[in-house]
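Open the structure in your viewer and keep the selection tool at hand. The tour below moves from one selection to the next and says what is there.

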Amino acid sequence: RLNAGQTPFFEPGFEDLLSRTSARLTFSTDMADLADATVHFLTVGTPQSPSGAADMTFVDQATTNLLPYLHEGSVVVGKSTVPVGTAERLRAMIEPTGARLMWNPEFLREGFAVQDTLTPDRLVYGVSTGQEDLVEVLDQVYAPILERETPRLVMDFATAELVKVAANSFLATKISFINAMAEIADSVGADVTMLADAIGHDPRIGRKFLNAGIGFGGGCLPKDIRGFVQRAEELGVGAAVSFLDDVDQINLRRRARVLDVLSEELGDLAGQTVALWGLAFKPDSDDIRDSPALDIAENLARAGAQVRAYDPEAMGPAAARIDKAGLAGHITLVDSAEQALDGAAALVVATEWKQFRDVDPHTLDARVVVDGRNCLDRDSWKAAGWTYRGMGRR
Ligand code: UDX
């Protein structure tokens, strides 16, 4: 499919990029086809294993399968998000072939993957002592990016590995911090959005990643903080990052909060119909991994509610997971945002797609709306007769 220019997932701009570069880009499932390459990027996933640690199966398998094709002059560049110490371990596997290893974490966001890859904030190179000459190899690969004076930081393996998990841990902490403030705001009748605006004006704090709501999901933040805690415990420094357990717990409580708010408005949820806008973990993505939206759909179904859900891109992946969970009888996937509202006592907005933010509430029959992303214009929804409930908003 990739060779035919088809993308197996939704990512803005990616299909266009694929077609523009097709003359220089081919895909193969046979490692032998890579034998001529000088630089081998290792980009496979490190999903969460049942213990919470990163599952290294794919990284180890890819490295092992690549070994027969490596030789003097080959450079392997690790991009996967890995537990600190992995690069040293892979180096021992790779160096007997004469090849050498670098570590080069990526920081792309889904929905902005093309932009973040081609115009990154910074480049991070991990190299082992005495192999600084490798910097030149990656500099050639990234020449167009470096010409724009993108910061490029060269460091040891362990630091390069840590940069990625530290960055994601910081982002997760920032989101959970504001969600903790949302809990407090709810208990005293304060408004977390105004709070975020006010503290965000301090440039040391900054307004970005201070959007309270149903919290973070996806394939990175949740599993990276859990993997980091596991690895730190293995290293005997678990106490240093034990606060990330709280970050995780605050985040998971947000999903339960939506059901609590709905119960406050509707009473017992059993037998009630609830409309859900959004299934992806964030807008401009069809990714449902650890999606707060889909979790809420499943929890509503388990509470006996009938859910009518719509997402502009994530319906296919969501349908497969709902089937697997045996909840297809309780969660109906419909063809439009309007159809989701048929017979529903309340609407939950769980992913802030632009098309949901842009809806004119006056065109819809008023009922209860739970704005799980604090993304709607509260005044206009109230003016249209809706009972508006935000997250941490008076
Ligand atoms: C993240 C990092 O941002 C990226 O640098 C890294 O390479 C991969 O992990 P991504 O998972 O694509 O990227 O999404 P991100 O934009 O970070 O959002 C993560 C989650 O946090 C989403 O569920 C989003 O809805 C939520 N979020 C984000 C909030 O709840 N509030 C915010 O203020 C920001």
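**The cores**

Start with the largest nonpolar core, which has 54 residues; L262, L276, W277, L300, L347 and W381 have the most contacts inside it. A nonpolar core here is a set of buried Ala, Val, Leu, Ile, Met, Phe, Trp, Tyr and Cys residues joined through side-chain atoms within 4.5 Å. Buried means under 20% relative accessible area, exposed over 50%, and partly exposed in between (1.4 Å probe, protein chains only).

The model is predicted: local features need pLDDT of at least 70, side-chain atom pairs count only at pLDDT 80 or more, and totals for chains, interfaces and linings use all residues. Residues are numbered from 1 along each chain as its sequence is written, and side-chain values use heavy atoms, with hydrogens and water left out.

Helices (H or I, at least four residues) and strands (E, at least two) are DSSP runs, numbered from the N terminus. Helix 11 gives the most to this core, with six residues. A second, separate core of 18 residues includes V59, L66, A99 and F157.

Select W381 next. Leaving aside neighbours within four places in sequence, W381 is in contact (heavy atoms within 4.5 Å) with W277, L347, V359, P361, L364, V369, L376, W386 and Y388.

**Helix 11**

Select helix 11. Eight of its 11 residues are buried, so helix 11 is largely enclosed by the rest of the structure. The buried ones are P292, A293, L294, I296, A297, E298, L300 and A301. Show their cover, which includes helix 10, strand 6, strand 7, helix 12 and strand 8 (331-333). Step past the end of helix 11 to G304, which follows the helix and has a positive phi, near 95°.

**The ligand**

Which residues come nearest to the ligand? Of the 20 residues around it, they are F107, L108, E110, N211 and K282. Helix 7 (residues 157-188) gives the most to the shell, with four residues. By class, the shell has 10 nonpolar, four polar and six charged residues. Asp, Glu, Lys and Arg count as charged, Ala, Val, Leu, Ile, Met, Phe, Trp, Tyr, Cys and Pro as nonpolar, and the others, Gly among them, as polar.

Zoom in on the oxygen atoms of the ligand. One is 2.7 Å from a polar backbone atom of E110. A polar side-chain atom of K164 lies 3.4 Å from an oxygen atom of the ligand, and a polar backbone atom of L210 is 3.4 Å from an oxygen atom of the ligand. Taken alone the ligand exposes 660 Å², and the protein buries 92% of that (Shrake-Rupley method, 1.4 Å probe).

**Two single residues**

Stay with helix 7 and pick S169. S169 is buried, with a relative accessible area of 6%. Not counting residues up to four places away in sequence, S169 touches I225, F228 and L244.

Finish at T150, in the loop between helix 6 (143-146) and strand 5 (152-155). Is T150 buried or exposed? At 12% relative accessibility, T150 counts as buried. Beyond its neighbours within four places in sequence, T150 is in contact with P120, D121, R122, L123 and I145. A polar atom of the T150 side chain lies 2.8 Å from the backbone oxygen of I145.

Methods
Polar contact = N/O pair within 3.5 Å; in protein donor to acceptor, adjacent residues only side chain to side chain. Near = heavy atom within 4 Å.
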